[in-house]
Amino acid sequence: MKARSSILQASIRFLERRSFAPFLLAIQPVLHLFLINAAELTFSDTLRAMLAALHTWSVVIGTLIFAGLGCLTLNVVLFRSRLVPHWLSIWGLIGGTGAIAYGLLGILGFDTGMGSPYMLLAMPLAFQEMV
């Protein structure tokens, strides 16, 4: 059972890290397009909007959803193996659940920006990561 949890944890962390790849690959050609011709303003505006949406979805899905899943998996393993105090792994489970809920709110269209009150859902995870 421990090997299965480790494989699941590794695969979620791998997906978490790779979710930013489409955004990073799209940066260089777009910067080139913005610099070469200002006459195609409507195309540039459309492209800019598409890249902003790609960035938003990369952050919501990559950072919040996959980090929350990775946190849940890690803290289940830590809880079962008793490597850390139980209160700390339970705190991580609460934080991971909050991060997933925060990401799902972002997918559903709620404002999850820096001033959003929904940010409080991810705060337990931030404190647990510092310990």
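**View 1. Asn75, a buried residue of helix H3.** Asn75 is buried because its relative accessible area is 1% (buried means under 20% relative accessible area, exposed over 50%, and partly exposed in between, with a 1.4 Å probe and protein chains only). This is a predicted model, in which local features need pLDDT of at least 70, side-chain atom pairs count only at pLDDT 80 or more, and totals for chains, interfaces and linings use all residues. Residues are numbered from 1 along each chain as its sequence is written, and side-chain values use heavy atoms, with hydrogens and water left out. Helix H3, residues 41-81, is where you will find Asn75 (helices, H or I, of at least four residues and strands, E, of at least two are DSSP runs, numbered from the N terminus). Look next for Gln128: its side chain and that of Asn75 are joined by a polar contact of 3.2 Å. A polar contact is a pair of N or O atoms within 3.5 Å; within protein, one must be able to donate a hydrogen and the other to accept it, and residues adjacent in sequence count only if both atoms are side-chain atoms. Not counting residues up to four places away in sequence, Asn75 touches Leu88, Ser89, Gly92, Leu93 and Gln128 (contact means heavy atoms within 4.5 Å).

View 2. Trp91 and Pro124 are 33 residues apart along the chain, and their C-alpha atoms are separated by 7.0 Å. With 37% relative accessibility, Trp91 counts as partly exposed.

**View 3. Ile100 and Gly98, two buried residues of helix H4.** Ile100 lies in helix H4 and is buried, with a relative accessible area of 16%. Leaving aside neighbours within four places in sequence, Ile100 is in contact with Leu64, Ile65, Gly68, Leu69 and Leu72. The C-alpha atoms of Ile100 and Phe66 are separated by 7.9 Å, although these residues are 34 apart along the chain. Gly98, also in helix H4, counts as buried at 9% relative accessibility. Its C-alpha atom and that of Gly68, 30 residues away along the chain, are separated by 7.7 Å.

**View 4. The aromatic pair of Phe110 and Tyr118.** A search of the whole structure finds 1 aromatic pair. The ring centres of Phe110 and Tyr118 are 5.6 Å apart and the planes are at 70 degrees, so the pair is edge-to-face. For this term, rings of Phe, Tyr and Trp (its six-membered ring) pair if their centres lie within 6.5 Å; planes under 30 degrees apart count as stacked, over 60 as edge-to-face and the rest as tilted. Phe110 is partly exposed at 39% relative accessibility, and Tyr118 is partly exposed at 31%.

**View 5. Two loop residues, Ser116 and Arg82.** Ser116 is found in the loop between H4 and H5. Its side chain reaches the backbone nitrogen of Tyr118 at 3.1 Å, and Ser116 is buried, with a relative accessible area of 7%. Arg82 sits in the loop between H3 and H4 and is exposed, with a relative accessible area of 65%. Notice its backbone too: Arg82 has a positive phi of about 60 degrees although it is not a glycine.

**View 6. The largest pocket and its lining.** About 310 Å³ of space lies in the largest pocket. Of the 17 residues that line this pocket, the closest to its centre are Val59, Thr63, Leu64, Tyr102 and Ala122. H3, helix H4 (86-107) and helix H5 (123-130) are the elements that give two or more residues to the lining, with the largest share, 7 residues, coming from H3. The lining divides into 12 nonpolar, 4 polar and 1 charged (Ala, Val, Leu, Ile, Met, Phe, Trp, Tyr, Cys and Pro count as nonpolar, Asp, Glu, Lys and Arg as charged, and the others, Gly among them, as polar). On a 1 Å grid over the protein atoms alone, a pocket is an open set of points where a 1.4 Å probe fits, with protein on both sides within 12 Å along at least five of seven lines; lining residues have an atom within 4 Å of a point. Grid points are joined across faces, edges and corners, and a volume is the space filled by probe spheres set on the points.
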